[in-house]
Amino acid sequence: MKRDLSGGEDNGDKRVVFLPSRGAGSGDVDAAGVLDSRLLPDRDFLAQWDAVIVETAQKDRLLSQAILNFTLREKVNRANLPLHGLIVMHGPPGTGKTSLARGLAARTAEAIGKLGQFRFIEVEPHALAGAALGKSQRAVRDLLGQTVAEQAERGPLIVLLDEVETLAGDRARMSMDANPIDVHRATDAVLAQLDQLAAKYPHLLFIATSNFTRAVDGAFLSRADLIENIGLPGPEACRSILRSALDELARACPGTASISQDAEFERAAKHCVGLDGRRIRKLVISACALRKQTAIDPNGLTATDVLEAAIQAQEESKSIREEQS
Ligand SMILES: Nc1ncnc2c1ncn2[C@@H]1O[C@H](COP(=O)(O)OP(=O)(O)OP(=O)(O)O)[C@@H](O)[C@H]1O
Ligand SMILES: [Mg+2]
């Protein structure tokens with residue numbers, strides 16, 4: 001059996017196609033402000049998409065919009081039908097925005113095979129915004145105008161702007177900031193570059209995430225083709241997330257496999273309502289750490305431990321909310 005360059009295998013009578021699973025760094029982009037670059041579709045990203053439990057309609061909307069960017073944008077006049085190639089996801093911390101953004105990139109590449117090899121770049125916004133006085137604007141111009149443009153020349157490209165408020169801060173709210181002029185200019189530079197890139201590269205898509213849309217510049221948001229609010233999971237999703245975290249634990253510690261059949265599990269799931277997805281997954285770990293015995297051997301974990309951890313997580317979350325209000 002011989003392996004060909006596209007990652008497939010020729011076994012004589014039928015061709016078996018493999019997903020490239022070359023992982024982090026496989027996009028081979030080594031430039032300031034780039035956190036990760038890889039070839040798509042990526043197995044890990046596909047798994048992240050599947051792991052986030054939101055309404056199917058919401059995943060469908062995201063995927064359709066991303067696909068449309070690659071199928072329609074090159075065919076329409078921007079002046080009449082302004083597709084910018086920008087999707088924004090916002091919502092509270094820990095609700096799966098970054099996972100969905102990465103997964104969306106992978107799913108989109110998977111859905112549109114005919115355009116060629118998709119690439120992915122994740123921007124490190126803090127590296128750009130953290131540049132010394134007067135340098136942010138330049139750093140943004142280098143990253144978007146050079147690095148992203150170079151990659152977009154090679155073929156279809158999806159760029160993740162995670163925590164975009166850092167990069168495209170709201171200019172209207174900056175007047176009291178320590179270094180408002182520099183940030184102001186960086187936001188101007190992002191907007192100018194986005195417009196230029198959108199006009200030149202129809203096979204380029206930006207996916208931006210934010211915890212805090214009020215801190216994102218209005219002109220940036222107005223360029224978005226789709227803005228999706230990723231909210232806290234509802235009761236059924238909470239139950240599924242808790243179950244999925246316990247399933248993962250059971251893979252490592254089979255003694256815990258029956259927990260999700262216990263009546264206490266249903267009570268624990270109810271106590272998860274109001275928590276974010278990250279907190280729900282983590283409370284399974286907290287449950288193992290409630291007692292030294294279960295920390296040494298988590299196979300001894302019970303549904304009652306999970307319930308106790310859920311109650312604790314709910315109380316912690318309540319006290320954080322009270323502190324912040
Ligand atoms: N709705 C959900 N369903 C299943 N898992 C979830 C959900 N929301 C979050 N998670 C899990 O929580 C973890 C964190 O998710 P992620 O980093 O994507 O969240 P985020 O919204 O980007 O958070 P932040 O705003 O803090 O950056 C991941 O392991 C993810 O699978
Ligand atoms: Mg995130």
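Tutor: A residue is buried if 20 or more other C-beta atoms, placed from the backbone, lie within 10 Å of its own, exposed at 12 or fewer, and partly exposed in between. The model is predicted: local features need pLDDT of at least 70, side-chain atom pairs 80 or more, while totals for chains, interfaces and linings use all residues. Residues are numbered from 1 along each chain as written, with chains lettered from A and ligands numbered from 1 in written order.

Student: Which residues of H5 are buried?
Tutor: Helix H5 covers residues 136-154 (helices are DSSP runs of H or I, at least four residues; strands of E, at least two; numbered from the N terminus). Its buried residues are Ser-136, Gln-137, Val-140, Leu-143, Leu-144, Thr-147, Val-148 and Gln-151.

Student: Is Asp-28 buried or exposed?
Tutor: Asp-28 lies in the loop between strands S3 (15-16) and S4, and its phi is positive, near 60 degrees. Because 11 other C-beta atoms lie within 10 Å, Asp-28 is exposed.

Student: Is Glu-163 buried or exposed?
Tutor: Glu-163 also has a positive phi, near 50 degrees, in the loop between strand S7 (157-161) and helix H6 (180-200). Because Glu-163 has 20 C-beta neighbours inside 10 Å, it counts as buried.

Student: What is omega for the peptide bond from Leu-40 to Pro-41?
Tutor: Pro-41 sits in the loop between strand S4 (34-40) and helix H1 (43-51). The bond is cis, with omega near -5 degrees.

Notes: Expected span 1.5 Å × (residues − 1).
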